[in-house]
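Colleague: I am new to this one. Can we walk through it in short steps?

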Amino acid sequence: HILGPMVRVSTFPFRQLCIRQGCDIVFGPEIIDHQLMNANRKNNASLDTIDFVDKTKDTRLIFRTLRHRQEPVICQIGS
C-alpha cells in the first residue's frame, strides 16, 4: 500500500498514522530545495525524531522524520 502525495496533508503525524494503518510507503510534503539548504538538522529527543528547521526562524519546521526507526518515506524536493 502506498500513500500518494497530497498538498498540505503529508505531515509527520499523518504519515505515522497511515503507516500504523498498513501503508508500506508514504510521501512526505514537497520541500523546496533552498528551504532544505537553509535548514538546520536537529535531534528532537522529546519526540525521538530528526527535525529540519529554518535557520532564520528556529521554530519553523521544514521536515520531520523518525530518528531510530526507519520511516518508509519518499522525500519530494522541488526547485
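**Strands, pocket and a buried glycine**

Modeller: Five bridges join S4 to S5, and these two strands run antiparallel. This is a predicted model: local features need pLDDT of at least 70, side-chain atom pairs count only at pLDDT 80 or more, and totals for chains, interfaces and linings use all residues. Residues are numbered from 1 along each chain as its sequence is written, and side-chain values use heavy atoms, with hydrogens and water left out. Strands (E, at least two residues) and helices (H or I, at least four) are DSSP runs, numbered from the N terminus. Two strands pair if DSSP finds at least two bridges between them.

Colleague: In S5, which residue is the bridge partner of Asp51?

Modeller: S4 and S5 form a hairpin, with six residues between them. Across it, Asp51 has its bridge partner in S5, and that is Arg64.

Colleague: Is S5 largely enclosed or open?

Modeller: Buried means under 20% relative accessible area, exposed over 50%, and partly exposed in between (1.4 Å probe, protein chains only). Five of the six residues of S5 are buried, so this strand is largely enclosed by the rest of the structure.

Colleague: Which residues lie nearest the centre of the largest pocket?

Modeller: A pocket is an open set of points on a 1 Å grid over the protein atoms alone, where a 1.4 Å probe fits, with protein on both sides within 12 Å along at least five of seven lines; lining residues have an atom within 4 Å of a point. The largest share of the lining of the largest pocket, four residues, comes from S5. H1, S2 and S5 each supply at least two residues of that lining. The lining has 16 residues, and nearest the centre lie Thr11, Pro29, Leu61, Ile62 and Phe63.

Colleague: Is Gly28 buried or exposed?

Modeller: Gly28 has its place in strand S2. Leaving out residues up to four places away in sequence, Gly28 touches Ser10, Arg15, Val73, Ile74 and Gln76 (contact means heavy atoms within 4.5 Å). Its relative accessibility is 0%, so Gly28 counts as buried.

Colleague: How far apart in space are Gly28 and Cys75?

Modeller: In sequence, Gly28 and Cys75 are 47 residues apart. In space, C-alpha to C-alpha, the distance between Gly28 and Cys75 is 5.3 Å.
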